[in-house]
Amino acid sequence: MKICIKPYIDYAVLPNRDVSVCCSAWHEFGPIGNIATTSLQSVWQSERAATFRESVSDGSFRYCHQNACPHLMNQDGPVMAIEEAPAEIRTLIQAQMYGQAPLPKNLHLAFDETCNLRCPSCRHEIIASDKHEVKDIFAEVRAGLSRDVEYINLGGAGDVFASPVLRDWLYNFDASEFPHLRHVHFHTNLQLFSEKVWERLPQSLRSLKVTFDVSMDAASDATYQLNRPPGNWQRLMKNLDFLSKLRQADHVKDVCCNFVVQKNNYHEVPLFIQLVEGFGFDSAKFTKLDNWGTFEDEDYRRRAIHLPTHPEHQHYQAILKDPALKRPAAYLANLA
């Protein structure tokens, strides 16, 4: 039987203080609680959390969107046979003690929407979150979870290097605050990353396992301007080149470049794989276009090339048969 261990190990705090244990686009369950009124530990071990964990532990995945979650579609990552699960999680499942999961090892800082770009797939305008609110949420999270965390994911809601709060924390990183931290993951558009930024990160942070997700959605300047305004393609290429040097020197352990497939870029999918491989990165990840509330229905249908009703869907299917998509770096995520 297949299970998913993500809700047993991942803890994401959102801007409104909701807590999620999985990407909201991949399921219909919603948050497991809110830390504005309940402690972090109580949310994590709540009846609601137990209900969701049970649904990914009994083989039903009844709340999951199986055509949206890349791990369910590809049977990879946190989706595994129960025999392959960590012993502690396997014991909880076999005893049906879904609400007794120990405090999470993985922390996703998804509460800061501050970003330097206004990508149409995400937002209508450049957003700067309230700095004091972000600082308060971060303080609550650190007070409740820092002693157990082994992995921190920075970004996803905004860009870590655009956030004054997260950037300041990085530049003044105190390893004693997270005594078990082993891995830091940056999710970024890379526009504000540079050699200068890297050198400002303390050695205590750079000596950890460092990995990157770089959101791009294009393989050319013209398409980048459509999907990532007001980003600068030349700056991106320069920063990718520096990141490539870090990867080659093994200072960065993995780099994944992300590409949300839509009408205006699907023809660049093979070229994107070539671009990613040219930099010596590990993977080119392709996902469907989701509607996060930024598109009217008609506009979304016009952009969503993966929909069988789209007038160019057959051309899109032909692109997916290109030999480049068989290359090791190509990860089709939820396009499969």
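User: Over the ring of which residue does the charged end of Arg 142 sit?
Analyst: This is a predicted model, in which local features need pLDDT of at least 70 and side-chain atom pairs count only at pLDDT 80 or more, whereas totals for chains, interfaces and linings use all residues. Residues are numbered from 1 along each chain as its sequence is written, and side-chain values use heavy atoms, with hydrogens and water left out. A charge sits over a ring if NZ of Lys or CZ of Arg is within 6 Å of the ring centre and within 35 degrees of the ring normal. The charged end of Arg 142 lies 4.5 Å from the centre of the ring it sits over, that of Phe 138.

User: How far is the charged end of Arg 53 from the centre of the ring of Trp 44?
Analyst: Arg 53 places its charged end over the ring of Trp 44. The distance to the ring centre is 4.4 Å.

User: Are Trp 169 and Phe 178 buried or exposed?
Analyst: Both residues belong to one aromatic cluster, together with Phe 111, Phe 138 and Phe 173. Relative accessible area under 20% counts as buried, over 50% as exposed and in between as partly exposed (1.4 Å probe, protein chains only). Trp 169 and Phe 178 are each buried.

Definitions and conventions
Rings of Phe, Tyr and Trp (its six-membered ring) pair if their centres lie within 6.5 Å; planes under 30 degrees apart count as stacked, over 60 as edge-to-face and the rest as tilted.
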